[in-house]
Amino acid sequence: MQVNFSILRNIIRDRSNKTKKSTDSAECLNEFLSLEMNIIEENKKMKQDESANFIMSLQNWFLRRMYTRTKIPVAIGDIFYTDLGINYKPEFSYHHPVIILEKIGGMYLVVPVSTTPDNITNAFHPVDNPQGNQMMRKVYGNDAGNKSDGFEKTGAVLLSDLKVVSAGRLIAKKGNLKCINDKNSLFREIKDSVFKLSFPKKHIELYNVTKERDSILKKYSNLEKEYNLLKEQYNLLQNENAETKKQD
């Protein structure tokens, strides 16, 4: 059944409708009934897994859409089970772990983790799969024992699917990445890879600036060595000159 977008757009354009209840509008109710019929028909086409995810995400939106904070503290490097919602392909949808990369105002910059076997198999890992797909980074969960990176389950971080989400989407904390300030940590590797993939031009600019800085620092170090050598030679000549004057 077709939903009449023209009718709905006219309702939206009328600013007075911002304060009116939807139940006071026969047009709103009719279009909502059309949408309900479409949901029923589309649900018949879905696999059970997607249907369950769809129902949960829609219900979460009803229950949590006004949440602006979580009951438990959220820190950079935390791993949260998150409702990413109903999205367009190839965006990641529904319920998945995410890594908290940054806090932006009252929202969070996150990158999701897939536990799909194909993604795990194909994902890059510096030791296990160095030729893997570098759009994904394999990470180990508690199911891998001592190899665990802090995740509940082994998965693949989807480095190219960067998202900014509301606190209301963060359902439950599932772990955290360690030593996030260490430049060699997994967290820093993931964050740098996300930046490289999301902002390739800025990454190149930063690389060139860093390279130029390193070159300048190297030149400065060489000049400093030359200066110290010349200073030693100067002091030596000064001492020799003073000794010569004494002998005269």
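Which ring does the charged end of R65 sit over? The ring is that of W61, with the charged end 4.7 Å from its centre. This is a predicted model, in which local features need pLDDT of at least 70, side-chain atom pairs count only at pLDDT 80 or more, and totals for chains, interfaces and linings use all residues. Residues are numbered from 1 along each chain as its sequence is written, and side-chain values use heavy atoms, with hydrogens and water left out.

**Rings and charge**
- A charge sits over a ring if NZ of Lys or CZ of Arg is within 6 Å of the ring centre and within 35 degrees of the ring normal.
- There are 2 aromatic pairs, meaning rings of Phe, Tyr and Trp (its six-membered ring) with centres within 6.5 Å.
- F195 and F199 have ring centres 5.7 Å apart and planes at 45 degrees, so this pair is tilted; planes under 30 degrees apart would be stacked, over 60 edge-to-face.
- F195 is partly exposed at 30% relative accessibility, and F199 is partly exposed at 43%.
- Buried means under 20% relative accessible area, exposed over 50%, partly exposed in between (1.4 Å probe, protein chains only).

**Strands**
- Strand 3 (residues 107–114) runs antiparallel to strand 7, joined by 4 bridges; pairing takes at least two DSSP bridges.
- V110 has K163 of strand 7 as its bridge partner.
- Strand 7 (residues 163–166) covers one face, K163 and V165, and leaves V164 and S166 uncovered.
- Strands are DSSP runs (E, at least two residues), numbered from the N terminus.

**Cysteines**
- The whole structure has 0 disulfides, defined as cysteine sulfur pairs within 2.5 Å.
- C28 is partly exposed at 22%, while C179 is exposed at 55%.
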